[in-house]
Amino acid sequence: MFTGIITDIGKVLELEQRGDLRARIGTSYDVDGIDLGASIACNGCCLTVVALGREPLNWFDVEISAESVAKTNIGGWAVGKRINLERALKVGDELGGHIVSGHVDGVADLIAMTIDGDSTRMTFRAPEELAKFIAPKGSVALNGTSLTVNEVDGATFGINVIPHTKEVTIWGDVQVGDRINLEIDTMARYVARLREWD
C-alpha cells in the first residue's frame with residue numbers, strides 16, 4: 001500500500017527481456033534499508049525488488065510480467081528514463097496523499113497542458129471503462145502521484161500540478177501525447193461495485 005507521495009526520482013539503468021522484463025532502477029534510496037521482496041511503486045506500478053546493488057550508484061532490480069507491461073506505460077520505458085518512486089507504507093507513516101494500491105487500472109493520455117498562475121493545468125483522456133470512477137474533487141494516482149481532480153467532462157478530466165510537485169517528481173518532464181499510468185480511487189471502485197448489487 002502507498003500514499004501517492006513520491007519520495008524519489010529513479011532512473012532506468014538497464015532493461016532486459018527474459019521470460020519477463022527485468023529492469024534495473026537507479027535510486028537515492030539507501031539500499032541497505034530495502035529487503036529483497038520489498039514492494040516499490042515505480043511510476044505507480046507496485047513492483048517487487050529481486051536484486052540490490054551499489055555500483056555505479058544505488059540500484060534495485062524488478063521483474064515485470066507481460067500483463068503489467070500490457071496494462072501500463074512500462075512498455076515505453078527506455079534506458080535513461082526518469083520514473084517516480086515510492087516505498088511501501090510502514091505502520092505509523094503519515095498518509096499525506098490517498099490510499100494507493102499500486103495496481104494500475106489503465107493508461108490515460110495527456111491531451112493538453114497550459115500554465116495557470118504558477119501551476120500547470122493538465123487535461124487527460126481516461127479509458128472509457130474507467131471514466132465513471134473519476135469525480136470532481138476526487139483523487140486519482142497518475143504515474144504514482146496522488147492528485148486531486150479539478151473537473152470531469154465525459155472521459156476527460158483535469159488536474160493542476162504545483163511547482164513543488166514538478167520539481168520533486170517527473171511531472172516536469174511530461175509532454176502532451178504522453179501515456180500516463182492511471183489508478184482510480186479504491187473507494188470509487190467499491191462504491192460502484194456495491195451499486196451493482198442494488
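**Notes on a predicted protein model**

1. A word on what you are looking at. This is a predicted model, in which local features need pLDDT of at least 70 and side-chain atom pairs count only at pLDDT 80 or more, while totals for chains, interfaces and linings use all residues. Residues are numbered from 1 along each chain as its sequence is written, and side-chain values use heavy atoms, with hydrogens and water left out.

2. Now the overall build. The protein has four helices and 13 strands; helices (H or I, at least four residues) and strands (E, at least two) are DSSP runs, numbered from the N terminus. The C-alpha atoms fill a box of roughly 50 × 45 × 35 Å along the principal axes.

3. How does the radius of gyration fit a compact globule? With 198 residues, such a globule would have a radius near 16 Å, and the 17 Å of the protein agrees. The radius is taken over C-alpha atoms, and the globule rule is 2.2 Å times the number of residues to the power 0.38.

4. Next, the inside. Of the 198 residues, 42% count as buried, where buried means under 20% relative accessible area, exposed over 50%, and partly exposed in between (1.4 Å probe, protein chains only). In soluble globular proteins, nonpolar side chains tend to be buried together.

5. The largest nonpolar core has 21 residues, and Ile25, Phe60 and Trp77 are among those with the most contacts inside it. β2 (21-26), β3, β4, β5 and β6 (82-87) each supply at least two residues of this core. A second, separate core of 20 residues includes Leu110, Ala126, Phe133 and Val161. Here a nonpolar core is a set of buried Ala, Val, Leu, Ile, Met, Phe, Trp, Tyr and Cys residues joined through side-chain atoms within 4.5 Å.

6. Have a look at two asparagines. Asn43, in the loop between β3 (39-42) and β4, has a positive phi near 55° and is buried, with a relative accessible area of 1%. Asn143, in the loop between β9 (139-142) and β10 (145-148), has a positive phi near 45° and counts as buried at 3% relative accessibility.

7. Finally, where is the cis peptide bond? The bond from Glu55 to Pro56 is cis, with omega near 0°, and Pro56 sits in the loop between β4 (45-53) and β5 (59-64).
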